[in-house]
Amino acid sequence: MIKLHDIYKEIFSRINALSSDKLHVYDELVDNPQWPFIRIDYSYNRDRSGKNYDGMNYFQYIHVFSVYKGRKEVLDITDMINEALLEKIETDDFIAIPYIERNEIANESDTIGGQKTGYNTNETYRHGILVYKYVI
């Protein structure tokens, strides 16, 4: 039996290891987050079990937020996330092979991230959207 918690726990552990004084990791949006930050967002899975085996495709959404005036910071953080997540996950029960399904950077202007001292909440920021697919 494939336990979703085991997959999420490993993904969270790998991303949380990137956390530092200059980069923050959240698994849910908080009021007034410290920028730049990574938010580990929702996930879903699709069964792909066969007659004699368990299998699934597990999808994990990860967001990167930056107020840096350009794409550099989001791209650097995205590279760090890819390095952390593009190795397979192995447990006693399964092996999960990762693929990048989506890697997009958008310019946005809203209050989703809260405020950072010196920045207006409606100021444009960069929003990286990453979707990883794990084939189990």
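**Helices, burial and salt bridges in a predicted model**

Trainee: How do you know that the distance between the end C-alpha atoms of helix H1 agrees with what its 13 residues should span?

Mentor: Helix H1 covers residues 4-16, and at 1.5 Å a residue its 13 residues should span 18 Å, which agrees with the 18 Å that separates its end C-alpha atoms. The expected span is taken as 1.5 Å times one less than the number of residues, and a helix here is a DSSP run of H or I with at least four residues, while a strand is a run of E with at least two, both numbered from the N terminus. This is a predicted model, in which local features need pLDDT of at least 70 and side-chain atom pairs count only at pLDDT 80 or more, whereas totals for chains, interfaces and linings use all residues. Residues are numbered from 1 along each chain as its sequence is written, and side-chain values use heavy atoms, with hydrogens and water left out.

Trainee: Which elements does the protein have, and in what order do they run from the N terminus on?

Mentor: There are 2 helices and 6 strands in the protein, and from the N terminus on they follow the order α-β-β-β-α-β-β-β. Along the principal axes, the C-alpha atoms fill a box of roughly 60 × 25 × 25 Å.

Trainee: Which residues of H1 are buried, and what puts them on the same side of H1?

Mentor: Ile 7, Ile 11, Arg 14 and Ile 15 are the buried residues of H1. They cover an arc of only 95 degrees around the axis, and therefore sit on the same side of H1, the arc being that of the directions from the helix axis to the C-beta atoms. Buried means under 20% relative accessible area, exposed means over 50%, and partly exposed lies in between, with a 1.4 Å probe and protein chains only. The buried residues of H1 pack against several elements, including strand S1 (24-26), strand S2 (37-47) and helix H2 (72-85).

Trainee: What makes the buried residues of H2 line one face of the helix?

Mentor: In H2 the buried residues are Val 74, Ile 77, Thr 78, Ile 81, Asn 82, Ala 84 and Leu 85. Seen down the axis of H2, these residues fall within an arc of 160 degrees, so they line one face of the helix. They pack against H1, S2, S3, strand S5 (95-108) and S6. H2 has 14 residues and reaches 20 Å from its first C-alpha to its last, close to the 20 Å expected at 1.5 Å a residue.

Trainee: Why is the pairing of Glu 10 with Arg 14 called a salt bridge?

Mentor: A salt bridge is defined as a side-chain nitrogen of Lys or Arg within 4 Å of a carboxyl oxygen of Asp or Glu. In this pair the closest N and O atoms are 2.7 Å apart, so Glu 10 and Arg 14 meet the definition. Both residues lie in helix H1, 4 residues apart, about one turn of the helix.

Trainee: How do you know whether Glu 10 and Arg 14 are buried or partly exposed?

Mentor: Glu 10 has a relative accessible area of 29%, and so is partly exposed, while Arg 14, at 16% relative accessibility, counts as buried.

Trainee: What is the N to O distance where the side chains of Arg 39 and Asp 41 meet?

Mentor: Their salt bridge has an N to O distance of 2.9 Å; Arg 39 is buried, with a relative accessible area of 11%, whereas Asp 41 counts as partly exposed at 23% relative accessibility. Arg 102 likewise forms a salt bridge with Glu 104, with the closest N and O atoms 2.6 Å apart. In that pair Arg 102 is partly exposed at 33% relative accessible area, and Glu 104 counts as partly exposed at 32%. The structure holds 5 salt bridges.

Key:
Contact means heavy atoms within 4.5 Å.
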